[in-house]
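Have a look at this one with me when you get a minute. I've jotted down a few points to go through.

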Amino acid sequence: MTVSSLPESWRPALEPVLQSPTLRALGGFLQAEEHAGKLIYPPRGLRLAALELTPLDQVRVVILGQDPYHGPGQAHGLAFSVQQGVKIPPSLANIYKERETDLGMPRAIHGNLTRWAQQGVLLLNTVLTVEAAKAGSHQGKGWELFTDAAIAAVAARAEPSVFILWGSHAQKKAALVAGLADGPHLVLKAPHPSPLSAYHGFFGSRPFSRANAFLEAHGRGTIDWQV
């Protein structure tokens with residue numbers, strides 16, 4: 001793996017990690033899996049899309065996912081997002097339902113969140129690949145070191161950002177970032193939007209309006225949450 005596709009602002013934080021033994025081993029693992037005929041999502045060229053679409057110096061909001069969708073045609077490198085034409089997954093449908101309640105926006109007819117990413121919303125999964133039909137299959141293979149470094153790079157910036165952390169996995173991830181709780185940022189925690197937990201505090205958490213209020217109060221504009 002290489003940083004050649006990444007915006008310049010990410011490279012100082014991520015290049016040393018990409019050269020580490022852990023990430024070199026990850027690269028070897030992915031290559032071996034593909035040579036063995038296993039189908040990996042998202043495909044090559046899309047695995048770093050979250051970082052490519054949202055340069056570090058433009059990040060205003062971080063939304064953490066866990067690992068990519070493992071169904072055909074779904075994952076394209078952005079947490080919770082799917083390509084246009086793909087059925088909207090249940091968690092994203094609930095995100096749209098909360099957005100409708102929070103902001104009065106009608107539910108979208110597609111699940112592609114690229115427009116958010118282009119406005120500075122880092123839609124980062126903590127693991128960036130998965131084997132087809134095997135959720136969580138690439139956890140513990142090395143991606144966590146890489147995404148830890150990306151999260152830490154945002155947390156280290158003086159510019160106030162919003163961390164939207166849905167579910168225990170994302171919340172534990174943020175706890176690994178030294179100084180996050182004492183920094184200039186806003187941390188919004190809520191249950192995961194999955195149908196299994198959305199009714200236990202995700203609905204009604206108003207992350208979109210709260211994020212925008214914080215950003216506007218700190219001179220960082222607002223996110224247009226339309227897709």
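1. First, the ground rules. This is a predicted model, where local features need pLDDT of at least 70, side-chain atom pairs count only at pLDDT 80 or more, and totals for chains, interfaces and linings use all residues. Residues are numbered from 1 along each chain as its sequence is written, and side-chain values use heavy atoms, with hydrogens and water left out.

2. Start with helix H4 (residues 90–103) and helix H8 (residues 207–217), whose axes (lines fitted to C-alpha atoms over the stretch in contact) are 7 Å apart at an angle of about 60°.

3. Who touches whom? Ile95, Glu98, Arg99, Asp102 and Leu103 of H4 meet Pro207, Phe208 and Ser209 of H8, contact meaning heavy atoms within 4.5 Å.

4. Several H4 residues are buried, including Leu92, Ile95, Tyr96 and Arg99; buried means under 20% relative accessible area with a 1.4 Å probe, protein chains only. Their cover includes helix H5 (114–117), strand E5 (162–166) and H8.

5. Now check the backbone just past H4: Gly104 has a positive phi of about 75°. Phe80 also has a positive phi, about 70°, without being a glycine, and Ala133 does likewise at about 65°.

6. Lastly, the Tyr41 to Pro42 peptide bond is cis, with omega near -15°.

Conventions
Axes fitted to C-alpha atoms, helices over the stretch in contact; angles between N-to-C directions. Helix = DSSP H or I, 4+ residues; strand = E, 2+ residues; numbered from the N terminus. Buried < 20%, exposed > 50% of the residue type's maximum accessible area, 1.4 Å probe, protein only.
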